[in-house]
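I opened a notebook page for this protein and looked up a few things one by one. The entries follow in the order I made them.

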Amino acid sequence: MSYPTSCPARPTTQASRVLFVAIAACLAGNATGQTLASDTTTTNIDAFTPYASARYTYDSNLYRLDDKAPEIGDRADNMLTLAVGADSDISRGQQRYELGAEINHTLFESHGDLDYTGGRARALWNWSSGSGPDGTLGYAFRRSLRDFTNQSGLERVKDVRTENRIEGSALIPVAGKWRVGIRGDFADIAFSESERLDLQRTTAGLNVGYGSAAGSIIGLDAEFVQGRYDINPAADFDEITVGPTLDWRPTERTRVKARGGYTKRNNLSVMRPDYDDFTGEVVTQFDNQGGRKLDLRVYRDITNLGEETAGYALVNGISVEPSWQVTGAIRARVRAAYEQRDFQVTEDAAERTDKLTSGGVFADWNPRPNLTVTFGSDVGIRSSTRALEDYDFVRAQVQVTARF
């Protein structure tokens, strides 16, 4: 579950401010004629959608505590989240801009010390040079509360996570049906309580692909990730993944997206184990174009759980999510997932393997075109080889969203 947060733990990075100014200039049309239309080009606001929502949630085990762990106040709690925001889609000539922002406030009934105000913001420029390269350039900001699931030990704290991220990509056509894609992003991540998790993460990627007449694409991808921690250099790492990619459409209603290859993660500290093995993912999507869909995902990957741990885990997982249109106004979806996480910790630490099983049922009801009511309930169970790290929970929620 994602928790928006209150004030940032530290100021925005210089790189984030510079790019934000650059995006603002682009939106104003102060760019070269090669990338933006002339002043005589008509600007179309295809969608400007302000909205407001209210969500009421019950959680049976808010802190994700083991049954044998001592109590930290009430285990269960009720939460009310109020949000206002707006999203817009602006076209100007061949250029397109996606803008969005939200501010929200969450009130806890029993754990008032966790009340927070948070939100998100994003500005994305989908640029085009006409017959040449296309790409994106954007900035994103998010505040969230560090997931209690990712906190170890018996003490749970309100830990505010702040992320400023800049991103960019370009798709370059070359000879025939060949294409070259490049991408990159830089994220500055900080925590209010766990300063040892503060880091800058840099990602760069390159993909060479060939597209068939049927719309399928096969390619070779390389990605480099670097993590540098502010006050915890022992957690610094470099990671590279190289392997094939596939976007295959065997039928009009079926799509298979796959990636796989060799991943090598080097931890700068000799006390932390490196990783040198296969990773990959296969996502199969079925859509009968009659309102019934099915997404099936199988994966093997390494993760530091959204930068919320200093170490990393090797994760093997599977998830399935069918959805269908029950009536003209009601759409239902079900999700079930299983993961095994083998944590790669320091050599002197006890081994840890977690097994997570989760599932949920949700429904979206549109009694009016601009009104959505979402009902849902999900459960989760974790068993761990480390003591006092097991938990289970039941969560239920109802949300009403009005668009204007």
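Entry 1, one alanine. I looked up A337 and found it at 13% relative accessibility, so A337 counts as buried (buried means under 20% relative accessible area, exposed over 50%, and partly exposed in between, with a 1.4 Å probe and protein chains only). A337 sits in strand β15, residues 330-344 (strands are DSSP runs of E with at least two residues, helices are runs of H or I with at least four, and both are numbered from the N terminus). Leaving out residues up to four places away in sequence, I noted that A337 touches I318, S319, L356, T357 and S358 (contact means heavy atoms within 4.5 Å).

I am working with a predicted model, in which local features need pLDDT of at least 70 and side-chain atom pairs count only at pLDDT 80 or more, while totals for chains, interfaces and linings use all residues. Residues are numbered from 1 along each chain as its sequence is written, and side-chain values use heavy atoms, with hydrogens and water left out.

I noted 1 helix and 18 strands. The protein has 404 residues, and 40% of them count as buried. Among contacts with a separation of 6 or more, 56% are between residues 24 or more positions apart. The accessible surface is about 20,300 Å², and carbon and sulfur atoms hold 58% of it (areas come from the Shrake-Rupley method with a 1.4 Å probe; for residues, only the protein chains shown count as cover).

β7 (residues 178-191) runs antiparallel to β8, and 12 bridges join them (two strands pair if DSSP finds at least two bridges between them). W178 has Y210 of β8 as its bridge partner. β8 also pairs with β9 (residues 217-229), again antiparallel, over 13 bridges. Here L206 stands opposite A222 of β9. In the hairpin of β8 and β9, with 5 residues between the strands, G215 has a positive phi near 95 degrees.

Is V242 buried or partly exposed? V242 is partly exposed because its relative accessibility is 35%. V242 lies in β10, residues 237-251. Residues up to four places away aside, V242 touches D221, A222, G260, G261 and Y262.

I found β13 (residues 293-303) and β14 (residues 312-325) antiparallel, joined by 11 bridges. T303 has A313 of β14 as its bridge partner. β14 and β15 are antiparallel too, with 12 bridges, and a hairpin of 4 residues joins them. Y312 is bridged to Q344 in β15.

Entry 7, cavities. Rolling a probe the size of a water molecule over the atoms shows where empty space is left. I noted the lining of the second largest cavity as R265, N267, R272, P273, A310, G311, Y312 and Q344 (on a 1 Å grid over the protein atoms alone, a cavity is a set of points where a 1.4 Å probe fits but cannot get out; lining residues have an atom within 4 Å of a point).

Note on methods. 1 Å grid on protein atoms, 1.4 Å probe; cavity = no way out; pocket = protein on both sides within 12 Å on 5 of 7 lines; lining within 4 Å.
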